[in-house]
Amino acid sequence: MARAKLAAALALLMLLCCCAIAEETQFDPVHVSLWGEPASGYEWTCEYEDNGVLDAPMEEYVEGADGSGGSYDFYFGVRAPGRVHLLFSYGVSWGIEAPARSALCTVTVREDGTQDVRWAECFTDDRLVEVRLPSNPTTGWNWDYAGDSAGSVSLLREDYVPYYEDLEGAGGVTTYELQVDAPGETLLLFNHASMWDPFAAAEESYVLRLVVSEEMEISMSVDDELEGMELLFPVDEAE
């Protein structure tokens, strides 16, 4: 009980520190929470590019009520508008084996302080990649998976889940589950396009680069330079 109270107090202190930074810079802090189980020998670590957008993260692990795991919380103070990529890896703290999971979080902080957060997460053992993009189909625009450049990835599932079931127009998250079928390098293309006009140009795009080793270990990065370009990739949908 004492440990839980101490962890909660530390988490509150970290949040207050980030809020103080946010008040000074007029931007809300970026908070990332990932579930993990340190007793298994695995833990979440973060790599990020210091491009002047975010401060280095303050980290804390908060154990869950049942003791079978908890949340790894990362708090980033925001210094200025812009975009930054955060790479989280869930692996052992010793040895050189590939992480069991990795998550690539792309955070865009706009001038008005609003945030756009996009997630790509891969599960090494199952060769799965899950992409989660914020969306709001009630606007007439939604994300569309346009395929991969090498034809080596299969689309298994696509769905949309609203943030609030009883609040129409509030938006939600569109999720794509894909399976990597072969080693090599490929680009995954997602276009934010009109749902009513198939000939309208995409409003924006999200290009995820996958590099898959012969051992089927997957690394991910976002290709900012290709965003907005008209790319045509084949789509291999599951039956």
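This is a predicted model: local features need pLDDT of at least 70, side-chain atom pairs count only at pLDDT 80 or more; totals for chains, interfaces and linings use all residues.
**Notes on confidence and salt bridges**

1. Mean pLDDT (the predictor's confidence in each residue, from 0 to 100) is 81 for the chain, with 82% of residues at 70 or more. Residues are numbered from 1 along each chain as its sequence is written, and side-chain values use heavy atoms, leaving out hydrogens and water.

2. Helix H1 (residues 2–25) has the lowest mean pLDDT among the elements, 49, while strand S4 (residues 70–76) has the highest, 94. Elements are DSSP runs numbered from the N terminus: helices are H or I, at least four residues, and strands are E, at least two.

3. The whole structure holds 12 salt bridges, meaning a side-chain nitrogen of Lys or Arg within 4 Å of a carboxyl oxygen of Asp or Glu. One of them pairs aspartate 55 with arginine 79 at 3.4 Å, N to O. Aspartate 55 sits in the S2–S3 loop and arginine 79 in the S4–S5 loop, so the bridge ties together parts 24 residues apart in sequence.

4. Glutamate 185 and arginine 209 also form a salt bridge, with the closest N and O atoms 2.4 Å apart. Glutamate 185 is in strand S12 and arginine 209 in strand S13, so this pair too links parts 24 residues apart in sequence. Glutamate 185 is partly exposed at 47% relative accessibility (buried is under 20%, exposed over 50%, partly exposed in between; 1.4 Å probe, protein chains only).
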